[in-house]
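Hi there,

Here is the structure I promised to pass on to you. Please open it and keep it beside this message while you read.

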Amino acid sequence: MKVLAIAGSNSEASMNKHLVSYAASMFGEKAEIEVIDLNPFEMPIYKHERELAGGVPQEAKDFAAKIDGANLLLVSLAEHNGTYSTAFKNVFDWVSRIKDRTVWNEVPMLLMSTSPGGRGGAGVLEAAGKRFPFHGGNVVETFSLPFFNDNFDKAAGKISNEEKDSELREKIIKISAIETILEK
């Protein structure tokens, strides 16, 4: 099983990258894990004229290829002003322009977010939960970690709040079982 863990941020100190990396680690040795952030996929801001002049950038095709090579997606989105970060939205927009594909290609997904505040990225989870299915998003579960700085131990690389850690573990087990069913 190949798990692609995507941090929907271009921040060098992304709390969502910490969260998605930890979630990916829960698969242990039973999966091939790749954790990525958006930095290698930085492209000019999408514009129709830019697409007409030069086509879809290679970075968008590379991002799509990573999705296509995965059996499971773990996607942890940064929330900026209640929705996706500009960096994520730009990658999403460019990938959506690749001919004859959906962005997420129906790969089962655990959609996550965290933030320093009490809503834990609820706005971006709501926006993505509504939008992704229109673009081939097969969102099986969602997970929100509020108060990142209080509930995540960066030095240990794990959730320190036992209740939230248990909740995430249960969701990892559920999404793993779906992939096992799909393999049969």
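A term to start with: a nonpolar core is a set of buried Ala, Val, Leu, Ile, Met, Phe, Trp, Tyr and Cys residues joined through side-chain atoms within 4.5 Å. Please also bear in mind that this is a predicted model.

**The cores**

With that term in hand, look for the largest nonpolar core, which has 31 residues. Phe63, Leu73, Leu77, Trp104 and Phe132 are the members that touch the most others. Two or more residues come from each of β1, α3, β3, α4, β6 and α5. Which element gives the most to this core? That is α4, with 5 residues. Another core lies apart from this one; it has 24 residues, including Ala31, Leu145, Ile159 and Leu168.

**The chain as a whole**

The protein chain has 7 helices and 9 strands. Its radius of gyration is 16 Å, close to the 16 Å given by the globule rule for 184 residues, so the chain is as compact as a globular protein of that length. Along the principal axes, the C-alpha atoms fill a box of roughly 50 × 40 × 25 Å. Buried residues make up 48% of the 184. Among contacts with a separation of 6 or more, 80% are between residues 24 or more positions apart.

**The aromatic cluster**

Now for the rings. The chain has 13 aromatic pairs. One of them joins Phe92 and Phe132: the ring centres are 5.7 Å apart and the planes are at 20°, so this pair counts as stacked, the cut-off being under 30 degrees. Phe92 sits in helix α4 (residues 86-95), while Phe132 sits in the loop between α5 (122-131) and β7 (138-145), so the pair links parts of the chain that are distant, 40 residues apart.

Phe132 also pairs with Trp104, this time in a tilted arrangement, with 4.9 Å from centre to centre and 40° between the planes. This pair too links distant parts of the chain: Trp104 is in the loop between α4 and β6 (108-114), 28 residues from Phe132. Are these two residues buried or exposed? Trp104 is buried, at 0% relative accessible area, and Phe132 is buried at 0% as well.

Taken together, Tyr84, Phe88, Phe92, Trp104 and Phe132 make up one aromatic cluster. Leaving aside residues up to four places away in sequence, Trp104 touches a list of residues that includes Ile6, Ile67, Leu73, Val75, Met109 and His135.

In helix α3 (residues 58-68), the buried residues are Ala60, Phe63, Ala64 and Ile67. They span an arc of only 100° around the axis, so they sit on the same side of α3. As a general point, an α-helix has 3.6 residues a turn, so residues three or four places apart point the same way. The buried residues of α3 pack against β1 (2-8), β2 (32-36), β3 (72-77) and α4.

Helix α1 (residues 15-25) has Asn16, Leu19, Val20, Tyr22, Ala23 and Ala24 buried. Its N-terminal end is capped by Ser14, which has a side-chain oxygen 3.2 Å from the backbone nitrogen of Asn16.

**A few single residues**

Thr114 belongs to strand β6 and is buried, with a relative accessible area of 2%. A polar atom of the Thr114 side chain lies 2.6 Å from the backbone oxygen of Leu145. Beyond residues up to four places away in sequence, Thr114 touches Met15, Asn16, Leu19, Leu77, Gly120, Leu145 and Phe148.

Glu170 is in helix α7 (residues 162-183) and is exposed, at 55% relative accessible area. Between Glu170 and Phe27 there are 143 residues in sequence, yet 12 Å in space from C-alpha to C-alpha.

Finally, which residues other than glycine have a positive phi? Asn81 is one of them, with a phi of about 55°. Asn81 lies in the loop between β4 (79-80) and β5 (83-84) and is exposed, at 84% relative accessible area. Phe147 is another, with a phi near 45°. Phe147 is in the loop between β7 and α6 (148-151) and counts as partly exposed, at 40%.

Definitions and conventions:
Residues numbered from 1 in each chain as written. Predicted model: local features only at pLDDT ≥ 70, side-chain atom pairs only at ≥ 80, totals over all residues. Heavy atoms only, no water. Phe/Tyr/Trp six-rings, centres within 6.5 Å; stacked < 30°, edge-to-face > 60°. Helix = DSSP H or I, 4+ residues; strand = E, 2+ residues; numbered from the N terminus. Buried < 20%, exposed > 50% of the residue type's maximum accessible area, 1.4 Å probe, protein only. Arc of directions from axis to C-beta. Contact = heavy atoms within 4.5 Å. Polar contact = N/O pair within 3.5 Å; in protein donor to acceptor, adjacent residues only side chain to side chain. Rg over C-alpha atoms; globule rule 2.2 N^0.38 Å.
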